Amino acid sequence: MSVDARATRQVKSELALLGRPPTAFDVAEALRRCGQVVSDGAVLTVQQSVWHDSVGAGPLDQLLSWPGVTDVLVNGPEAVYVDRGAGLELTGLRFSSDDDVRHLATRLAASVGRRLDDGSPFVDARLASGVRVHAILATVASPGTCLSLRVPAARRLTLDDWVEQGGLDPAAAVLLRRLIQAKVAFLISGGTGSGKTTLLSAMVDLVPSDQRVVVVEDSRELDPDHGHVIRLESRPANAEGVGLITMTDLVRQALRMRPDRIVVGEVRGGELCDLLRALNTGHEGGCATVHANSAQDVPARLEALAALGGLDRAATHAQIAAALSVVIHVARQGQRRVVRQIGLFKRQPSGLVETVPAWSLKQGQGRLWPGFDVLEGLL
């Protein structure tokens, strides 16, 4: 006989007071006190529910283990989605109430020492498993408490894998390899889930083994196959409001660590200014990712981010022109993530930087633009 959701919550509340993992006898006694019929099935159902509430990602673990899953999204208790590379799919998983979603979110946050409550209703963190989790409570989100889990890739992709899977034109792969060899500073742009981080990791793999790579990230996602990598990860303030370490702090620290290459997982704010200064003071071959809708939109995006760091428009474009050479734009195309365009940062007579196409993918075929000659000169 099944146990209804209200009774299950009541039983679990009683079991939580034990201060230890409940036995089958504990569960049976709690069921009796709550007026429920005790059966093997009822005891097993409650024990499984208690286990899900205390271990891993609870009921979401089954989804996280599905082959190819990159994201698990919980929109309140009634809608749970997964992305397995073909877009979002609604699953049959449901939570009995928003309280259950909130309990899971709070437990996941607490497992990595983060606070999640009405006074601090959202959190972004990386679990010990490597899964990145964002949670926001129903006090500010509708239709209820929301969870967004990003699953790290089970397999590290190389540039050869990108080519084999149709995400990278062979000629473009040759060009990307030459960018790394020549220590050209570059950005990878694209939207959320477009493969920016995956491509950046594959390119950092190609950095010669005798070079020291310092990686700076907001939340650890890059996992390059390189023998000399130092990883720096930012962190928020604790519950007392102290302990904050920003991306800007870490980029500045990276400069003092004798890096041959500085890699920023994603530029999102004022740390861009420090990265540009670093690339303009002898630190060659630096790279990063940035959110943008197209390669042409990247200069405007960088201008907005640099403003957060205190740089005005003229100074920003002067820094970009001197520090960065190439932008690689990636996008989702059906189930694949593809390199759509490679462009050059070129300063115009107005002083502003624009992105000039050097290579682009049209109807599945790579096309070299006149600007490619300029890129050849860089290499």
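Predicted model: local features only at pLDDT ≥ 70, side-chain atom pairs only at ≥ 80, totals over all residues.
## About the model

Local features here need pLDDT of at least 70, side-chain atom pairs count only at pLDDT 80 or more, and totals for chains, interfaces and linings use all residues. Residues are numbered from 1 along each chain as its sequence is written, and side-chain values use heavy atoms, leaving out hydrogens and water.

## The open sheet

Let's start with the strands (DSSP runs of E, at least two residues, numbered from the N terminus). Six of them form an open antiparallel sheet, in the order β3-β2-β1-β6-β5-β4; strands pair if DSSP finds at least two bridges between them. β3 (88-90) and β4 (122-126) stand at the edges with a single partner strand each, so one side of each has no neighbour in the sheet.

Inside the sheet, β5 (residues 132-136) and β6 (residues 146-150) pair over five bridges. H134 has S148 in β6 as its bridge partner.

## Two helices side by side

Next come helices (DSSP runs of H or I, at least four residues). The axes of α9 (residues 247-255) and α10 (residues 271-279) come within 8 Å and cross at roughly 15°; axes are lines fitted to C-alpha atoms, for helices over the stretch in contact, and angles run from 0 to 180 degrees between N-to-C directions. That makes α9 roughly parallel to α10 (an angle under 35 degrees).

Where is S294? S294 sits in the loop between β11 (287-291) and α11 (298-308). Leaving aside neighbours within four places in sequence, S294 is in contact (heavy atoms within 4.5 Å) with S189 and H329.

Conventions:
Parallel < 35°, antiparallel > 145°, perpendicular 65-115°, else oblique.
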